[in-house]
Amino acid sequence: MSGDPRAGGIRDGYAPVAAAYAEELSGELAGKPLDRAFLDAYAEVTRGAGRVVEIGCGPGQIAAYLHARGVAVEGLDLSPEMIAEASARHPGVGFCVGDMFALPYGDGALAGLVAFYAIVHTPTADLARPFAEIARVLAPGGLAAIAFHAGDAQVHLDVMFGQPTALDFWFHAPDAVVAALEAVGLVVEARLDRAPYPDVEHASRRTYLLARRPEGTLSRLSTLHPTQS
Ligand SMILES: C[S@@+](CC[C@H](N)C(=O)[O-])C[C@H]1O[C@@H](n2cnc3c(N)ncnc32)[C@H](O)[C@@H]1O
């Protein structure tokens, strides 16, 4: 499968901002109780179930949070600078450069997949390809956790955290994301919509989804695929 058609611009956009992004957001979960609750629930059901990958992991704060809760999680990101930040900040977690449009994992290889704000640089109409990859790499019963900015805005940034950049961001209508996940055969089991936390993050509404590849359960998966590190 071919890669992300916007890969070059995304890599170029994050190269100058990766260090500032990491500095700004590495402690973000301290101010986001609902995100922690969502990730705690996700950790509870994926811990011990097998390999979990966070795609679009950036500086790795979400993967590190799950790792600290016993999840066998790794991180993948398009940006080498983001992966360098993640590796330096979280040496106990494995990180690699990769593309969510062409994931380097076999069919059914993963018990879980996390995508926190990974789809912000992909228009809603183009989500079919990364979502097909998610469905392909999840084992039967595997669970995806997906977070994104809700709405219909499209934002271009020339400066991010004080650094020059050129990045385009797409917000997504939650019903359209649910439909795109269902179109690749995933079953959306849970949805959390929340208002922004003032003074903590960009003032946009957020949506969090849990989507499962059907035919099986994680407890059955755990029996078939013991935890890998
Ligand atoms: C807004 S950041 C989110 C980072 C982190 N997950 C967080 O919550 O702070 C979006 C990340 O997705 C990555 N990304 C965008 N498109 C990607 C793709 N096709 N494959 C892998 N990573 C991608 C970017 O490099 C960037 O690090």
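These legends walk through several close-ups of one predicted model.

Numbering starts at 1 for each chain and follows the sequence as written. Because this is a predicted model, local features need pLDDT of at least 70 and side-chain atom pairs count only at pLDDT 80 or more, while totals for chains, interfaces and linings use all residues.

**Figure 1**
Helices here are DSSP runs of H or I with at least four residues, strands are runs of E with at least two, and both are numbered from the N terminus. The C-alpha atoms sit in a box of roughly 50 × 35 × 35 Å along the principal axes. Of the 229 residues, 42% are buried. Buried means 20 or more other C-beta atoms within 10 Å of the residue's own, exposed means 12 or fewer, and partly exposed is in between, with C-beta atoms placed from the backbone. Looking at contacts with a separation of 6 or more, 71% join residues 24 or more positions apart; a contact needs C-beta atoms, placed from the backbone, within 7 Å.

**Figure 2. The shell of 22 residues around the ligand.**
Closest to the ligand are Asp4, Gly56, Gly58, Leu78 and Met100; a residue counts as near if its C-beta atom, placed from the backbone, lies within 6 Å. Sorted by class, the shell holds 15 nonpolar, 4 polar and 3 charged residues. For the bookkeeping, Ala, Val, Leu, Ile, Met, Phe, Trp, Tyr, Cys and Pro are nonpolar, Asp, Glu, Lys and Arg are charged, and the others, Gly among them, are polar. Which helix gives the most to this shell? That's α1 (residues 7–14), with 3 residues.

**Figure 3. The open sheet of 7 strands, with mixed pairing.**
Read across, the order is β3-β2-β1-β4-β5-β9-β8, where strands pair if DSSP finds at least two bridges between them. At the edges sit β3 (94–97) and β8 (187–194), each pairing on one side only. On average, neighbouring strands are turned by 15° against each other, direction ignored. Helix α7 (residues 174–183) packs on this sheet and touches β5, β8 and β9, its direction making about 165° with that of β8. Axes for such angles are lines fitted to C-alpha atoms (for helices, over the stretch in contact), and angles run from 0 to 180 degrees between N-to-C directions.

**Figure 4. Strand β9 and its two antiparallel partners.**
β9 (residues 206–212) pairs with β5 (residues 138–149) over 7 bridges, and Tyr208 is the bridge partner of Ala147. β8 also pairs with β9 over 7 bridges, with Arg191 bridged to Leu209. Because 6 of its 7 residues are buried, β9 is largely enclosed by the rest of the structure.

**Figure 5. Helix α4, mostly covered.**
How many of the 8 residues of α4 (residues 61–68) are buried? The count is 7: Gln61, Ile62, Ala63, Ala64, Tyr65, Leu66 and His67. Their cover includes helices α2 (18–25) and α3 (33–46), plus strands β1 (52–55), β2 (73–77) and β4 (110–116). Just past the helix, Gly70 has a positive phi of about 90°.

**Figure 6. Three loop residues: Phe161, Gly185 and Asp199.**
Phe161, in the loop between β6 (154–160) and β7 (163–170), isn't a glycine, yet its phi is positive at about 50°. It counts as partly exposed because it has 16 C-beta neighbours inside 10 Å. Asp199, in the loop between β8 and β9, is another residue other than glycine with a positive phi, near 65°. With 7 C-beta neighbours inside 10 Å, Asp199 counts as exposed. Gly185 belongs to the loop between α7 and β8 and is partly exposed, with 15 other C-beta atoms within 10 Å. The C-alpha atoms of Gly185 and His156 are separated by 32 Å, with the two residues 29 apart along the chain.

Key
Two residues are in contact if their C-beta atoms, placed from the backbone, lie within 7 Å.
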